[in-house]
Amino acid sequence: MKSIDQFIKAKEEGKKITMVSTYEFWSARICEQAGVDCILVGDSAGMVIQGLDTTLPVTLDEMVYHAKAVRRGAPETFVVVDMPFLTYQTDINEAVKNAGRVLKETGANAVKLEGGEEIAHIVEKLISIGIPVMGHLGLTPQSVHALGGYKVQGKTEEQQKKIIKDSKILEQAGVFAVVLEAIPSKLAKEITEFIEIPTIGIGAGKYTDGQVLVFHDMMGFFDRSPKFVKRYVEGKKLFTEALKRFKEEVQEGKFPDKEHTYE
Ligand code: KIV
């Protein structure tokens, strides 16, 4: 993807969109070389990189740091950056300043904001001054305490109506795509058919217009994975085996050998 128009075009043409959430130069480079459509610099960095329990403590400075590294690793890929908790909700001018800073300092293409109706005026303002916005509905991790934990959303009729309504409000506010996180597949299908902008699902089944996974999740770096994560490789196992071999070879005097030594 090179521009927001291509997200809409992909939906019109029935071409599924791939997005990967990652945070640094080397994994961004791998994503670009593998042809991933879009990189999200997610505030899940708080959990994946910093080992926090929630995304709430993540700062704007940290997101800028990660996004700069990602942009250097993936100069040709569409990059979206998560706006951290309380960098856009409190004051519209703050939102403009902070989202503007992200685009200005990192070279990213767009920002992602969590929420529906309650943030629609902020979305409109950002778009009006030329900052593309991706939406995020369903399980919105910045509201983890209000939601009572990391739970599947949209199970009750009331929740379903709200998510459907919010998806239309975000579309009307001008977002170019919306992430649907941890909702039943049937609801994601209904939303995908209801709005014209692409839906990008995570734990939302197969009917969305695209899929997003966290790089470190899909590469199998954690002991356990949530149901919606497919582990495409057992990274933790591979890396642990490599580190054990390194230790053994150093202790046995096998490394460094001739091949890895300057004469
Ligand atoms: O922070 C993140 O990585 C995200 C994705 C899981 C959608 O918001």
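The model is predicted.

**The barrel**

Eight strands form a closed barrel, in the order S1-S2-S3-S4-S5-S6-S7-S8, and the pairing is parallel. From one strand to the next, the twist averages 25 degrees. Strand S1 covers residues 17–21 and runs parallel to S8, with 5 bridges joining the two.

**Salt bridges**

The count of salt bridges in the structure is 17. Side chains of opposite charge can pair when their charged atoms come close.

| Pair | N to O distance |
|---|---|
| Asp209 and Lys11 | 2.8 Å |
| Lys236 and Asp223 | 2.4 Å |
| Lys237 and Glu241 | 3.8 Å |

Take Asp209 and Lys11. Their side chains meet in a salt bridge at 2.8 Å. Asp209 sits in the loop between strand S7 (199–202) and strand S8 (210–214), while Lys11 sits in helix H1 (residues 4–12), so the bridge ties together parts 198 residues apart in sequence. Are the two partners buried or exposed? Both Asp209 and Lys11 are buried.

Next come Lys236 and Asp223. Their side chains form a salt bridge at 2.4 Å, N to O. Lys236 belongs to helix H11 (residues 235–251) and Asp223 to the loop between helix H10 (215–218) and H11, so this pair links parts that are 13 residues apart in sequence. Lys236 counts as partly exposed because its relative accessibility is 37%, which falls between the 20% and 50% limits. Asp223 has a relative accessible area of 61% and is exposed.

Lys237 bridges to Glu241, and their closest N and O atoms are 3.8 Å apart. That distance still counts as a salt bridge because the cut-off is 4 Å. What separates Lys237 and Glu241 along helix H11? The two residues are 4 residues apart in H11, so about one helical turn lies between them. Lys237 is exposed, at 54% relative accessibility. Glu241 is partly exposed, at 41% relative accessible area.

Salt bridges also link residues into a network. Asp61, Arg101 and Glu105 are joined in this way.

**Asp166 in helix H8**

Asp166 is placed in helix H8, residues 157–173. Is Asp166 buried or exposed? Its relative accessibility is 5%, so Asp166 counts as buried. The side chain of Asp166 makes a polar contact with the side chain of Lys162, at 2.7 Å. Which residues does Asp166 touch once its neighbours within four places in sequence are set aside? Asp166 is in contact with Gly116, Glu117 and Leu137.

Gly174 lies in the loop between H8 and strand S6 (177–181). Gly174 is partly exposed, with a relative accessible area of 34%. How far apart are Gly174 and Pro132, in sequence and in space? In sequence, 42 residues separate them; in space, C-alpha to C-alpha, the distance is 8.4 Å.

Technical notes. Residues numbered from 1 in each chain as written. Predicted model: local features only at pLDDT ≥ 70, side-chain atom pairs only at ≥ 80, totals over all residues. Heavy atoms only, no water. Buried < 20%, exposed > 50% of the residue type's maximum accessible area, 1.4 Å probe, protein only. Polar contact = N/O pair within 3.5 Å; in protein donor to acceptor, adjacent residues only side chain to side chain. Contact = heavy atoms within 4.5 Å. Pairing = 2+ DSSP bridges. Axes fitted to C-alpha atoms, helices over the stretch in contact; angles between N-to-C directions.
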